[in-house]
Every structure is written in C-alpha cells, then in structure tokens.
Amino acid sequence: MSEQITRVDESKILYEDDEHQVVWFGWEEQEGADSFVQTNQCLVVNNDKGYFFDPGGTYVFHHVLENIMRVINPRQIRYLFATHQDPDVCSSIPYWMKTTDADLLISRLWLHFVSHFGMEDVDRVVAVPDGGGRISLDTGDYIAMVPAHFLHSEGNFSIYDSRSKILFSGDIGAAIFPPGKRTMFVEDFDAHLPFMEGFHKRYMHSNQVCARWVEQVRQLDIKMIVPQHGSIFPEDQIERFLGWFSELRCGGDYIEQIYRDERF
C-alpha cells in the first residue's frame, strides 16, 4: 500500500487491502428543514490511482477536497464518475476538472449539458453509451458503469467496483432523514424504510424499470450498496432492499394520483 494512502478520522474506509481502498466522504451538514440534502462521495484508490464517484455540489467542494488530499494527491485521480446530471452530483465538476487531470464519465445524454455548470474543458468528458462500460484497473479488477436508466434520470448509471464488491447505486436506495435520525449504516430495514419510501415513490420511474435494475444487479456479487444520499446497506440488508425495490410501485404507476396532486 502506498504511503500516500492514509487513514483519515473524518472519513470512513469501506474496504482496504494491500492494493485497493474505498473511502467514503460524507458531508455532515447541519440538520434541519433548510439544510442541503446530505450527499455521499466515495473514492477508490487502486495502486495509487484514484477513481472518484459523484463529486457533489459546489457547496461541498472544499470540504471534500480537503479530505481527499489526506488520502491521495488529486492529480492522481484518473476518472471522475457521475451517475447522472443533477447539481448535487455534478455542479462541482468544473472545480474538480481544474484540480485534477481526470476525465469525466457520464451518460451520453448529458454530454452537452454539463458545460452549463461552467466547465471549459469538454474534451475531457467521456460519453458512456446506454449499455454502460468498464474501466480496467492495474490490478486486473474493474469499475463498471451499470445501466440504471430512469432511476431517476433518463441517462443514469450505478457504479460497481469488482475488487471491493461495492455497488454505488446513485439515487437508488437514497434516504432523507428527519433531524436526529441519520445513521451511516442500515441496521433495521423496516425502521429505515419510512426514510426512503416517499422519495422512491415519486422520483423513480415505474415498477417495470425498478424490477429490471434488480434483475441486472442480482447477477453481480455485491457485499455493500452505497447510495448517493443517506445510509449504506451492508451485506445482510441487501436482499431486503432488492426485494422491496423490485416490488415497488412508483412514478408512472401513480400517474393519476400525481396529476390530481394527491399525496401517496
């Protein structure tokens, strides 16, 4: 393990071996009705090269950069991955493009949209096709962009790290907590469900799309699911989550209620 990879008190190491490390950076903003939605940023370091997922909004940039610099030199980051185009995922991208030499991987649908965040070097933006793709790592492992379209963005991906067997699911599995209820890991799925159910019913497309995503990811060997917002699903909670999500009625399944502005 390189001497540049160090343990950091303000972050959490989700996986570590002699060649590979996954570090979680969660922004602990002040809780309350007017606060920004909490986001999770994650960094993979493989043989001294970095791979950074969903960098976050402009408001968290300096905080996240400070923590990343305790782990790796930002110039060693090879790729930035964006699961979708939302500002809580991408609005800090112009800063990261200047701070690193990395290329940005994002759905082909958003190739010409990300420049609206103020990014100048569009030549470093790589359009990911709808079927996804893989980045090969020096160790022979890979990071995959797994199709997750319409969940909730029409051009959307989850990210799978084959070495740690962690699935970074984007907004799938996201939770929004009332003050004092936030936890890093899901310990009791039934108790956690109220914090994510309403979000998924409105933001996800339909049960057909949810079930298709679950069918796909069940083919992967997954030890942990890390959403972009809220708590992480450890291995013993994964099947409960996948089972729930595969049966979820959401979005277009409630189209009549939504257009009548009924609460559901």
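Student: Which residues are linked in a network of salt bridges?

Tutor: Asp 17, Glu 19, Asp 141 and Arg 163 are linked in such a network, where a salt bridge is a side-chain nitrogen of Lys or Arg within 4 Å of a carboxyl oxygen of Asp or Glu. Please keep in mind that this is a predicted model, in which local features need pLDDT of at least 70 and side-chain atom pairs count only at pLDDT 80 or more, while totals for chains, interfaces and linings use all residues. Residues are numbered from 1 along each chain as its sequence is written, and side-chain values use heavy atoms, with hydrogens and water left out.

Student: And how many salt bridges does the count come to by this rule?

Tutor: By this rule, the count comes to twelve salt bridges.

Student: OK, what about Arg 218, which residue does it form a salt bridge with?

Tutor: Arg 218 pairs with Glu 239, and their closest N and O atoms are 2.4 Å apart. Because Arg 218 lies in the loop between α6 (207-217) and β12 (224-227) and Glu 239 in helix α7 (residues 235-247), the pair ties together parts that are 21 residues apart in sequence. Helices here are DSSP runs of H or I with at least four residues, and strands are runs of E with at least two, numbered from the N terminus.

Student: Is Glu 239 buried, partly exposed or exposed?

Tutor: Glu 239 is partly exposed, with a relative accessible area of 47%; buried means under 20%, exposed over 50%, and partly exposed in between, using a 1.4 Å probe and protein chains only. Arg 218 also counts as partly exposed, at 42% relative accessibility.

Student: Switching topic, where is Arg 75 found?

Tutor: Arg 75 is found in the loop between α1 (61-68) and β5 (77-81), and with 43% relative accessibility it counts as partly exposed.

Student: Which residues does Arg 75 touch, leaving out those up to four places away in sequence?

Tutor: Arg 75 touches Lys 98, Thr 99, Thr 100 and Asp 101, contact meaning heavy atoms within 4.5 Å. From C-alpha to C-alpha, Arg 75 and Thr 100 are 4.7 Å apart in space, although 25 residues separate them in sequence.

Student: What joins the side chains of Arg 75 and Asp 101?

Tutor: A polar contact of 3.0 Å joins them, that is, a pair of N or O atoms within 3.5 Å where, within protein, one must be able to donate a hydrogen and the other to accept it, and where residues adjacent in sequence count only if both atoms are side-chain atoms.
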